Amino acid sequence: STLRQCAPPWPLGTAAGASIPRPPSLRRNESLLDGSNSEYNSRLGRARAANSARRGVNDSSPSPKNGEIPYGRFSTGSPTSGSPTAAAFIGSPPAAATVLLPADEANTDARWAYSPAQQRLAVVDAKQLLMIIDHTGSLEYRVQLPPEGQTIFIGWEPGGSVLAAVQKLGGAFLWFPSKPENVQQWEGMQFSTKVLSGSLLKRNSHFNACFASWSSAGKLVLGLTDGNFALWDLASNQTFMSRKHFAGKHKGGITCGAWGPRGDTLALGSENQVKVSQPLQNASWDQTATKLHLPANADATGGFQQLLFSKSGQLLAAFAGSSVFRHLCLYAVIDQGKRGSELTPVGEAHPSPSVGSIQAAIWLEGDVMLVLTSNGFVRLMRWDRIEEAMTEELLRVCEAGVIGAVPLPSGHIAIARSVHVLVWDPVARAAAVVVDLAPMPRNVRLMAVEAAAQPDEPAVIVARSDGELSRVPLPRLPVVDTELVRVNPSGHGAASPAKPLSVGSPHVLLHVTPDEGALHRRLEPLHHAWSPEMQQLAIVNADSQLLVFSAEDGRCVLRNPLPQAPCTFLQWDPSTGKTVALTLRGRGVGIWTADTGADVKMWTGMQSSGAFLRLSADSSSFDPTSACWSRAGQLAVGMSDGSFAVWDSVSSQVSTSGRSGKHKAAITAGDWIDSLFAPALALASRDTIKVSKGFEAAGWEATAVKLKLGRGASGAGEGPVSPLSKLGSSSSGLMRKARADPEGLEFVQLKFSAGGKYLAALAFPSTAPAAAQVVLYEVQNSRETLVAVRDYTGSPEGDRPFSMSWVGEDRVLIVFSRSGTSGSVRALVPSGGGIEREPCWPIDGQSAPGPMVGAACTPAGLVAAVFDTGGGGVAMLLGAQLEALASFALAGVPRAMSLHAPTTHGAGAEGATLIVSFEEGGVQVWRL
């Protein structure tokens, strides 16, 4: 190993893609002696000179710049503001790494656990041989577990007094260092003792464990495949096992769990459930507190895989999925007294191509969550219980290739990459030291890292794909107080590490002419929808036909006649891009899937489950007025009578609105919170917004908000009235009891922010349709309250809002406004800051090229707007700060447009896609 110290620390908060300085090596034959800085630097210089002369190379350090301390030297001075100095070692550099388990094919699939208290490594290899190895790599004990079994867990009791090795169909095998010649087998409610040199341990076919975990209080829990669990208390030697009708039982096998910080609260998770107990007395489970559900398409998430309580036990981190598809959700654990605890989702983190996959998550003091990604980013997350707000900050700490990370007793974070272990200071936000790992053979990679540290001997265990396990000592560093970690909210555009937006030469990807079927008439308008995944364009034309064209060769792959009725919705499923849905007033919903090649299936009635049902009677009651897709593949359809239905494209099940979810007027707008952990649906009708708390198998569980807005403007000449002047600071006083106002607001669009913290509503007074306005609501109190925080009624030039889109997570709402002669774009920050500080387009002294026909933006901040220039059209592209990027002419007068962000794979990953339809008919697809 080679030890390197970073001084000055790596700069953070820089633009993505910026190179991270690599400090020179501080080699082990360079003595670190006690004494003053000058004495140390003098000896270090002589050692460098001797090494350089011996190797015949120049190993001089770079010259200091701007008063900085050169790499490889220590500083005892006070850190300067914003640039803390590197911490000095305590004592001498650590010894070289120790190989505890050599590379061997039998060790590649081994399970292992290290006990810092015992300084022993426990390993179960592929042949189910349990080995106890000391800190020098010497074998102390070994015992053969049932060779036909499969070990799913091996772990030490935190104090190191007991080792548990758990097999499927075998129970827990317990080894006590105080009695190394014996091993006990826990088979649920009984124990059996075997001497190591005696007969072979046997399996138990009635005790099928799939999860295990130790608590800090010495309790061992085993999760079983039938949804039950078993507990053993080391102190009292008592056992407990749940039964069929026990409240703690899960519907599926236990996949994960976590103990509270005091060891008296237990959370268990299965594929789509999380249950949390009240405080445990001995080993008894008092009451199940919480049950949460993931969407039905579990293949997209992999179910719950890991749970972690915060230091205070007031927050719970839940992970779903595995490998690069790992997702994180933070829940606030709210004590409900005798009713137990309630879990409320407060924040999420997801993998992305720019940030990378989630490699590690660590709770710091003060309930700060540190999430480390494979591309070298750290996301800090803090939940403010008083303000009910999540603060997040994204930092770049190292280059890509992160394998994992573990906390050290000093408060530092050890980050393992393929070539070294970096020790990071979360308070100073700087790298303290870097320890190079030994070169690995070809085709061998680093697999995992675990803490093996004591306060006076910091170290980590690193595992390689060839089965080798090594103990890598780390230098002793001064203790850092992680209570001092601060999370600074990222500003507009600061949260995304994406490169600045740039546009090359837009080109036409597909052009469908009126002669090919793209017909448009003013009373029978043309509708279009684009699938980035399938690279297909769907069109509902003036002749009431559904046509699908492929961008690969331009051919028409579907031409299907539809019932004669106005089309109100046409969109592809965002989860797969393979299913397109359309709604026809008074005639039902049409569904077509690209994989099947069959004709359009019409959905003309509702039932609680099963496939589509065609009503033989009059289907006028099935009159869809709005629809919206969720990211999980659920289609919500609002009806003219205030009811709604949800169709799950994965299970093909249909659920209908209950009494609480039904509106009194036609549903005119809706949107989903795109959460893998707590999806929710908001639907709006006249004066009313209802938000569900969550969905279980596509069912509506509870109405969270029924918002009654006050009287709107009495006439068009009075102009728009700000909803804030009527709502005050909260909508709770107007909920449920207010009567519907016939002259109130008509909602035409709802948009949840990506994190679900805000809901933007576009509405207009019933008596003044031209006086549209945007209201931003903050979703609070477990989605039971909407608080109006911002509103926007248009530009001073007379432009009125007509559409809106979110950029980033809960950060910026882009509002598009227009008039008969112009158009404008405004960025609204929900947290305020003054409208004069928010970007807008066009800026003073500029003007739009004509009336704005349509506009949209991608989550990364690319804005596209199309204008009628009088006999022609032009498209303009703007950046995240609404700066002009490019413009190009269109083939005619535009009628409508849509914008689609690049996909993560396939042809759609090449760039964003702009689709424009024209007044004279025809549709063009542009690749940006």
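Analyst: We will take the features one after another, with the general idea ahead of the case.

User: How should I read confidence here, and what is the mean pLDDT of the protein?

Analyst: Where pLDDT is low, the predicted coordinates should not be read in detail. This is a predicted model, and the mean pLDDT of the protein is 77, with 74% of its residues reaching 70 or more.

User: How are aromatic pairs described, and how many does the structure hold?

Analyst: A pair of aromatic rings is described by the distance of the centres and the angle of the planes. The structure holds 11 aromatic pairs. In one of them, the ring centres of tyrosine 141 and tryptophan 175 are 5.4 Å apart and the planes stand at 50°, so this pair is tilted. Tyrosine 141 belongs to strand S6 (residues 139-144) and tryptophan 175 to strand S9 (residues 171-176), so that the pair links distant parts of the chain, 34 residues apart. Ring pairs also link Tyr141, Trp156 and Trp175 into a cluster.

User: Is tryptophan 175 buried or exposed, and what is the relative accessibility of tyrosine 141?

Analyst: Tryptophan 175 is buried, having a relative accessible area of 2%, whereas tyrosine 141, at 29% relative accessibility, counts as partly exposed. In another aromatic pair, tryptophan 214 and tryptophan 232 are edge-to-face, at 6.2 Å centre to centre with 65° between the planes. Because tryptophan 214 lies in strand S12 (residues 209-214) and tryptophan 232 in strand S14 (residues 229-233), this pair ties together parts that are 18 residues apart in sequence. Both tryptophan 214 and tryptophan 232 are buried.

User: Which ring does the charged end of arginine 326 sit over?

Analyst: The charged end of arginine 326 sits over the ring of phenylalanine 319, at 4.3 Å from its centre. In a further case, arginine 818 lies over the face of phenylalanine 802, 4.0 Å from the ring centre.

User: How should I read a nonpolar core, and which residues of the largest one touch the most other members?

Analyst: In soluble globular proteins, nonpolar side chains tend to be buried together. Here the largest nonpolar core has 21 residues, of which Leu372, Leu380, Ile413, Ile415 and Trp424 touch the most other members. The elements giving two or more residues to this core include strand S24 (368-373), strand S25 (377-384), strand S28 (413-417) and strand S29 (420-425).

User: Where is cysteine 567 placed, and which residues does cysteine 567 touch?

Analyst: Cysteine 567 is placed in strand S39 (residues 567-572) and is buried, with a relative accessible area of 13%. Residues up to four places away in sequence aside, cysteine 567 touches His527, Val540, Thr583 and Leu584. The C-alpha atoms of cysteine 567 and histidine 527 are separated by 7.8 Å, although these residues are 40 residues apart along the chain.

How values were computed:
Residues are numbered from 1 along each chain as its sequence is written. This is a predicted model: local features need pLDDT of at least 70, side-chain atom pairs count only at pLDDT 80 or more; totals for chains, interfaces and linings use all residues. Side-chain values use heavy atoms; hydrogens and water are left out. pLDDT is the predictor's confidence in each residue, from 0 to 100. Rings of Phe, Tyr and Trp (its six-membered ring) pair if their centres lie within 6.5 Å; planes under 30 degrees apart count as stacked, over 60 as edge-to-face and the rest as tilted. Helices (H or I, at least four residues) and strands (E, at least two) are DSSP runs, numbered from the N terminus. Buried means under 20% relative accessible area, exposed over 50%, partly exposed in between (1.4 Å probe, protein chains only). A charge sits over a ring if NZ of Lys or CZ of Arg is within 6 Å of the ring centre and within 35 degrees of the ring normal. A nonpolar core is a set of buried Ala, Val, Leu, Ile, Met, Phe, Trp, Tyr and Cys residues joined through side-chain atoms within 4.5 Å. Contact means heavy atoms within 4.5 Å.
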